[in-house]
Amino acid sequence: MYYKTLTHSSSKEWIVLFHGFGGNSSIFYKQLKAFRAEYNILLLDLPGHGKSPYPNGVDLFEYSSEQTIGILNKLKIESAHFVGISLGTIIMQEIALRKPSVIKSMVLGGATPKLKKWGEFLCRLSVFYPLRKILPHMVPYRIFARVLLPKKNHSDSRKAFIKEAYKLSKETYLGWVLSGLNGYTTYDRLKAIKNKIPKLYISGSEDHMFLSNTKEYVKQEENSTLEVIEKCGHVCNIEESDKFNDLAVSFMKRVDKIRITA
């Protein structure tokens, strides 16, 4: 799995960035300046995205988490703050199930605990056998992007994800959609073990597909808080990057301070 590091001149603290479906590590271009001012950064391309090849015959969530843990071991990073967007938040949860000690905190932008029923229907329809043979894979992706990010103020994030998603192979697209439909079960498994990882959920008030279920998860988790950015859609790190960055950095610094004084 491809990765890239951006090192700080004096800080020993790390942030690991997990992008969403169809994107790659470049979608964090609006975060790098704010995050690099305080931290070292590890950027990842999930399997089949960016510069990472698509692995055949694997569980994509398990594979991604194992690869990430391997990279952390290789770089001798004992623990780090994890920041993820959309699909990336599920990978973070999977790592927390396998090796929670490597996670200092989680920032979950546009978390994806479970699709609304009609959104799930659209996704399942797009990978239904006859349609996936007939339609180019980007047709349903473009439709879903429009449904997920319908408003004028969502246009920049919608265009960014569609542009990057054109680089996906059909195999990658189908593999991740099929895996992602049950990705919410990773949230359920982590919630069930009563973990105490500090979590900050950041969602847009216009994230109509996921926000209501995200609120329910936050209520049930011991060490979680939710910040809702008004007049913002699903991809809040692009659409309202300044607010997202301020919330994320302030949260991570609070966690660092607590760990130092504990």
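Begin by selecting Asn245, which is found in helix H12 (residues 241–261); helices (H or I, at least four residues) and strands (E, at least two) are DSSP runs, numbered from the N terminus. The model is predicted, so local features need pLDDT of at least 70 and side-chain atom pairs count only at pLDDT 80 or more, while totals for chains, interfaces and linings use all residues. Residues are numbered from 1 along each chain as its sequence is written, and side-chain values use heavy atoms, with hydrogens and water left out.

**Asn245 and its surroundings**

With a relative accessibility of 5%, Asn245 counts as buried; buried means under 20% relative accessible area, exposed over 50%, and partly exposed in between (1.4 Å probe, protein chains only). Display next Lys30, Gln31, Ala34 and Phe35: Asn245 is in contact with these residues, when neighbours within four places in sequence are left aside. Contact means heavy atoms within 4.5 Å.

**The whole chain**

Now show the entire chain as a cartoon. It contains 12 helices and 7 strands. Of its 262 residues, 54% are buried. Among the contacts with a separation of 6 or more, 79% are between residues 24 or more positions apart.

**The sheet**

Select the strands. In which order do the 7 strands of the open sheet lie? The order is S1-S3-S2-S4-S5-S6-S7, and the pairing is mixed; two strands pair if DSSP finds at least two bridges between them. Strand S1 (3–6) and strand S7 (224–229) are the edge strands, each pairing on one side only. From one strand to the next, the twist averages 20 degrees. Angles run from 0 to 180 degrees between N-to-C directions, and axes are lines fitted to C-alpha atoms, for helices over the stretch in contact.

S1 and strand S3 (residues 40–44) run antiparallel and are joined by 4 bridges.

**Glu66 on helix H2**

Remain on helix H2 and select Glu66, which has its place there. Is Glu66 buried or partly exposed? Glu66 is partly exposed, its relative accessible area being 44%. Its side chain makes a polar contact with the side chain of Arg98, at 3.4 Å. A polar contact is a pair of N or O atoms within 3.5 Å; within protein, one must be able to donate a hydrogen and the other to accept it, and residues adjacent in sequence count only if both atoms are side-chain atoms.

Move to strand S4 (residues 80–85). Because 6 of its 6 residues are buried, S4 is largely enclosed by the rest of the structure. Strand S2 (residues 14–18) runs parallel to S4 and is joined to it by 4 bridges, with Phe82 in S4 as the bridge partner of Val16. S4 is also joined to strand S5 (residues 103–109) by 6 bridges, and these two run parallel. Within this pairing, Ile85 stands opposite Gly109 in S5. The chain passes from S4 through helix H3 (residues 87–98) to S5 in a right-handed β-α-β crossover. A crossover is right-handed if, with the strands pointing away from the viewer, the path from the first strand over the helix to the second runs clockwise.

Select S5 next. Since 7 of its 7 residues are buried, S5 is likewise largely enclosed by the rest of the structure. Met106 in S5 is the bridge partner of Phe82, and Lys199 in S6 is the bridge partner of Met106. S5 and strand S6 (residues 199–204) run parallel, joined by 4 bridges.

**His19**

End at His19, in the loop between S2 and helix H1 (32–36). With a relative accessible area of 0%, His19 is buried. Its side chain reaches the backbone nitrogen of Leu46 at 2.9 Å. Not counting residues up to four places away in sequence, His19 touches several residues, including Asn24, Phe28, Asp45, His49 and Ile85.
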